[in-house]
Structures are given as structure tokens and as C-alpha cells.
Amino acid sequence: MIAPKPPVPLTAAPLISNWIRVSPEGEITVLSGRVELGQGNASAICRMAADELGCVPEALAFEAGQTGLTPNEGFTAGSMSVSGGGQAVRWAASAFRNLLLKAASDRLGCETADLCLADGVILRDGEPTDLEFGTLAGDVDLDRPVTEWAAPLAAETAHSADTLRLDLKERLVGSPFVHDMERPGMLHGKPVHPPSMSAELQDLDLEALRARPGVVAVVRDGSFVGIVAETEVDAISAARWARGQARWVDRAQVPNDAIQAIGASREPADIVVQTGTVDEPAGRWFETTVSRPYLHHGSIGPSAAVAQWQEDDLSVWCHSQGVYQLRTALGMVFKIPEEGITVIHRPGSGCYGHNGADDAALDAALMARAVPGRPVKVVWSRRDEFQAAPMGPGMVTRCAATVDDDGKISSMRLEVNSAPHANRPSVNGTPNLRAAAYLERPMPPAPSTDIPIARGGGADRNAVPLYAIPNVEVSKRIVHALPYRSSSLRSLGAYTNVYAIETLMDEIALELGIDPIVFRLAHLHDERAKSVIEAVDDFAGSWRREPRGQGIGWGLGFARYKNTAGYCAVMARVEVDQEIRVTDIFATADIGEVISRDGALNQIEGGIIQSMSWTLKEAARLEGGQAAAENWLDYPILKFSEVPEVAVRLLERPDQPPLGCGEISQGPTAAALGNALRSALGVTVQDLPLTRDRVMQALF
Amino acid sequence: MTDTDVTFRVNGEDRTVRTGADIPLLYALREELGLKGTRFGCGDAACGACTVIVDGAAVTSCDLPVSAVAGKAVETVESLDTDPAHPLIDAAIDHQAAQCGYCLPGILMAAKALLERNSRPERSEIIAALDGNLCRCGTHTRILRAVEQAAAVMAETCE
Ligand code: FES
Ligand code: FES
């Protein structure tokens, strides 16, 4: 068996029928609570089922993310699609297979051991019988517990790991996105968002707005304003007009420098890990304080949704990461029973965390209420996407270490101060949908309790060093005092915390005159961690021979994501003159059993490139209480001409459970870039992003 | 405002759009003609998601009034969905040159315009042709390899 313990999602959805449906014709549908967000998980999960059933993934239909139909697996987040949901599907498919073989053996009067499944047909001693999925489907009761029947095949026999993306062509030439949806009688909606969470609508001539061309309805509820129009173009121009006319007041007190305010916060802090004592530091003292700004998700397609009311029932199509959680949140806002709400996932543009998808769904539902029976499609503007979606929170992490006389780190202390990472819909008992906070009867978000370390942590994710250090203390402080809306962005606190730990590791090693790789290996007991670092050293090959300084540098960053998921080491080469140019990236990763090789590589490469973009270029522009970027000129991201060669190698471990890979490269990439810059210029830039200005500040 | 008709060729066929205001080409394609492969990303000519080809040149359609293409030939990503598929589609799938795929139609059209004027571009020329197209999923290196493969395949079939 592949995993000794049943996958966690089987606790809430224990029956085979929760995961697999068979039509009378023998068509098999895999049901998954894990939605496809562009990361290829649907294809990987299909592959896992297909391997068990002895068929090709294309032979299976796939349904994900629909309330009332698919299992509730919480949010598609945390890089757990394959390691959690995929494993559950694999177990369910295995159980289904064993039931089919049992039914076939009953019919044929032989042992199940003589039978196998191939391309939908039962083989006996390798020869086809006349029994197929379809003929046997009626014999099998799928309302049986998965765990009673599951015995998943071993990874080596199961598959080749060369899984193709089944949905790709449709994404290139078709119209699969929620943005593309058409429904009979559909109207087009646009919100006029308050510029900040604390802004109140003072004045807007709703009658004049209703008289704009093509406008069908105008909705005002508190400070929420929505316009419903016949066509997309009419809706856009009415919204533009309204934005020019609307007067808002904002009385919130706002600090000048948000990051400084986060770093200086005295809100209560929690100690999340304490081993040994760090109070009486022995040995040499090293410390760093790093920060990252608020970041935008920056999906290329803005958030979108379609909503429709039929009497008191609401249907919503959207690219939410959690259809059940959004349903709960919508139930709170509209005060209707959840049974009357259906939320159906439809693809959106790439999703890197808690973006505006759920907010757009509420916007659409609020507008659709004004036109009962008619669907309303809402596609946010680019400006909405920058200004209204949750941001990745600003953070400040202090990391201090003592080193004993043997050159070993004897203690490490991390203090993480961060704006909230965990404000997803309906967690903490409030809707956590943007407009809900400024309706006539407002439902502002409850204070974020963050994610406990046992579930990977939020702000403190990867704040506990993987290195063998006898005395460790980690504390976190969630800073609620700032007016900006923030929530989960790919890798949560890991990005900043890995940057802090890994740049400090290099500082210490260089100060002690020890090779940074040797220094890290000396502090690791985890063999898989060591192998990944040794492999990247090997892979990057020439880096040891090239002279450093004078504007050329190499740097390493390493982490095991959440200290429980995939391992990743990144080595970066930079050239610095007037500009900072990243010329090469090498990365190695151990994600256990590999389900979809090219899919995993794509995720890791994409993570590296996105993290490069955050690290080199990105900072949300804050003005007063508002996120002020309006367009891509205000918030540039990495372009083709700035992307280096990125080479990634997997250390495959077919005998180990599959581990998530979608977020493993964010932190190591940032650290590799910081350390490469350090190696080129002799200083570590502590405040991200690593722009030319920041480098100049650090140098002079 | 009185409605006017604008006629232009789309993927080889003459089509007419009746429009009151002079709407952007993007919405004429998506809403009036039902060609939804061309995507809205920003509306500011800053991301390339809406790129189409007009008389051989890659242009952003979100800021181009439909009247400006009257009588011209417009190509959208749907024109690549032939049987057999256009080499750019095969190459993008072979290299898994996408994650969400939202940026891809614009990128494929920018690449097609490049390959039509320069059948064997250097990598630096591909990069220059795609530099106005953003991809947030980070599939850039795969896209570059895919365009190179498509160029090679197209050159072979031309010989
Ligand atoms: S949508 Fe036209 S360039 Fe962004
Ligand atoms: S593949 Fe998602 S934006 Fe390019």
C-alpha cells in the first residue's frame, strides 16, 4: 500500500460514491473537491484514478467544486490537491476496482487474482472476457466505505508520471472561463467599489446613473453600488461615469509607512514554538530584520462571476477556491439557508491564493437580486482587481542566532509580525467577502486568528528552521491595525521567513569563513534535505569556479515547505551594474512520488518566476487607506525579457507519498536572489523588493 | 446615437457588427461575434491578453475601436483551431506552455504574427515580440521553447 494511513479527506467523505459515479452505460466520473486553478491538478487526480482502474485518464470524466455534488474538501489551497484529495481519489478508485473484480469473479466463478482491468474490460488470465465496466456497474454498490476495499497499487507499477494536461487545448482556443459564460437572458454587472474598506459613499446621483445608456438596474446597499446593464460595454461606461461622480469620505487613521507600522506593532504576540532556551544567548550573535511589502495577486484575467436568483434560490458560478465555504458566506450575507444556494466552480485566470473570486461572486449576487430570474455576469476591471481584491500581507521578520565556539548555531529566534494571511470566506464566523463589510447592515471580518502551526502555520509558516538547532523560539504577531485587506497569497509567511533564515545562514557562514553549502549541511539531519542541497550544488556546476564580487554573484536558498511538504533548493546567478539581472536559475526538488512530472516541473518553474517577480519588482502602492495601483504601469511584473533560463530537476522518490509542489519554490527563490546579490555586492538587502533603490540604500 | 454597421474579415469570413457607440474590437469579437478566445485582461493595452492580428500585425484589441478595422482582415486565436491544429497549438501542448492558459491566446497571436514575418526568429526576437504580453503563472520559458518548436515545424513543412 502506498500510504499507511487513509488520506484525510476520506474522513468527511468515506464512501466510494462520494468520489466516483458510474452511469448505466459505464461512464465513470471522478468527483473531487479540489478545483482546477490552472495548476494541472485535475489532470493529475484523473491520472491517479485511471492508474487504479487500468484505463487512460481521458476515459474518465471529472467534476470538481460543486456544492451538493462533489465532496467538501475545504479550500483548494496549501499545495494539497495531490497529496490529500488525489490520494483520496486514488483510494476510492482502488476500492471501486476491487469491487468490480469481486463482481466479475462472482459472475465468472473464478478467483479475483486471475482477473485484471484493462481499458474498461475485465481480463481473465490476460484474455478479454465479455465483462466491461458497464455490464458490471449494476452489480456494484458504491455506497460502501472506501477503506474497506482500498488497496492502491504501488507507485512503480501504477504509471509513468508523464501526465498530459487534458484541459489545455480548450484553454488555448476555447472558452472555458467563467468570463466566457453565456446564459439565456444574461445581463452584465459592474460594481463601483469604494476606494478603501473604510470609505463611505456620500453622494451619487442614482437617478442619473439609471438613465445612462443600456442601464437596466442600479443597486445601492450601504456603500455598495452595482450597475446592471444590457451589454458589457454599457456596463463599463456606466461604471466609469459613476466612479467619476461618486463622492466618498474616509475617516480612517492611516500610518505613513505600513511596513514600519507592522514592524513596530505592539499588538499581542504568541509564542508558537519553544525548544530549549534562547534567553541567555551564548556565543556570537547574528541578526537580521527583513520585510516584504503588500503584494498583489496580479492574475492576468480579473475576478469574475455569474449569479442568478430564482425566487429565494441563488446559483453562483465562479472561480472560488472553496465552493462550500463561499456558500456558507453567501448564506450569512443573504440570511438564507445554505440548501438554497448552489455554487459551481468555473475556471478563472491563474489563482495564487485568496483573490477576488469570492468577492466578485457576492457582487454578482447583490446585483442579480435586482433582476430576479436573470443571470448577471460580473467581470471586474483591472483597477478593481488591483484595488478591491485582497492583497498578500506586508510582513516583518526578525531573525537572530547565536553561534558557539565550534561554529554551530546554538540558538535561533524568529519574531514574525504580519498583517493577516487567513481571511478566507466564512472562516472565523464572518463572511469575509469585500462588499459584506460595507452593506447597510455591515458584516466586517472578525479578527484573523491565523492558521495554527499544526496545519502549516500562516504568518509563521516556515519560521521554524529545518536546521538542527538546539534552542529555538518562534513567535508571531498578527497586526490588525492597518486598514488594508489582506489574505492568503501563495506560500503565506514562508516567503518572508525563508528569506530571513536563509539570508542569515549565508551571513553567518560567510562571517565564519565557511562555505554556505557546507555550513547548511552541517546543520541538517534530514537526509532528503541534504540530498536536495547537494544536488543543486552539483546541478549548478560551474558556480564554484566563477569569480564572485565585482557585480557577479551566486546564491542559494533552501526550504522544505511547511517543514512537511516538498523540499526545494534554488541557486541563482545575478549580474549587477546599473540593473540587477538574473541570468540563471537552477533548482532541485524532492516531492516524493511524482504523479505528473511535467506538471510538477511547470509548477516549480512558475513558482520560481513568480517569486523572482515579487522579489525583484513588486510592492503594492498604498495611498491613505487604499491600494492605489490602477493598471500594470503602476505595478509592473516580470516580463519575457527579464526571465532567465530556469532549470529544474526532480529527485524522484516513488516509494514516498506524493508531496505538494505548487508553493515550494517561493521562499527559496527569494533567498537565492538575496544571497546572490550579497555575493555580488557584499551587502544583504533586508527590505524587499530588491530594486536598484533598495540596493543603493543598503550600499551607502 | 444611431447604429452603424462595421464590416471586416474575421478568420477569413466577412462579418458585420452593428454598433451604437464605437466599441472596442475586443467586445465586438467576444460579445457580438461570439469569438471568446480573445481575452480581456486590462483594457489599457498593457498586458497583451487581447492580442489579435489585423492585416498581419499583432495589435491589442481592447483599445482599438471596431471602426478602425473596417474592411481589414482580423485573425483571432480560433483561427489556429484547425484540423490538423496549427503548429503553435501543438507546440504549446507538447511543452505544456501554460498553466491557467488565460494569457496564451494573446501570446499565440503575437507569436503567429512574428512567425509570418520572420520564419526562423532568434530567441531574442521572440522575446522582443512577446515582451508586451504578461504571464502571471510564469510559463515564459516554456512558451519560448514552444514558439521555437513551431517555427521549426513550420519551416520544415514549407520546404
Ligand atoms: S486587455 Fe488588452 S492589453 Fe490587456
Ligand atoms: S498561463 Fe496563466 S497567465 Fe500565463
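Analyst: Two strands count as paired if DSSP finds at least two bridges between them; strands (E, at least two residues) and helices (H or I, at least four) are DSSP runs numbered from the N terminus. The model is predicted, so local features need pLDDT of at least 70 and side-chain atom pairs pLDDT 80 or more, while totals for chains, interfaces and linings use all residues. Residues are numbered from 1 along each chain as written, chains are lettered from A and ligands numbered from 1 in written order, and side-chain values use heavy atoms, without hydrogens or water.

In chain A, three strands form an open sheet in the order β4-β5-β6, with antiparallel pairing. β4 (115-118) and β6 (127-132) of chain A are its edge strands, each pairing on one side only. From one strand to the next, the twist averages 40 degrees (axes fitted to C-alpha atoms, angles from 0 to 180 degrees between N-to-C directions). Four bridges join β4(A) to β5 (residues 121-124) of chain A in the antiparallel sense. Opposite A:C116 stands A:L123, in β5(A).

As for open space, the second largest pocket has a volume of about 740 Å³. A pocket is an open set of 1 Å grid points where a 1.4 Å probe fits, with protein on both sides within 12 Å along at least five of seven lines; lining residues have an atom within 4 Å of a point. The volume is the space filled by probe spheres set on the points, which are joined across faces, edges and corners. Of the 37 lining residues, A:I236, A:R240, A:R243, A:S381 and A:R383 are closest to the centre of this second largest pocket. Its lining takes the largest share, seven residues, from α9(A).
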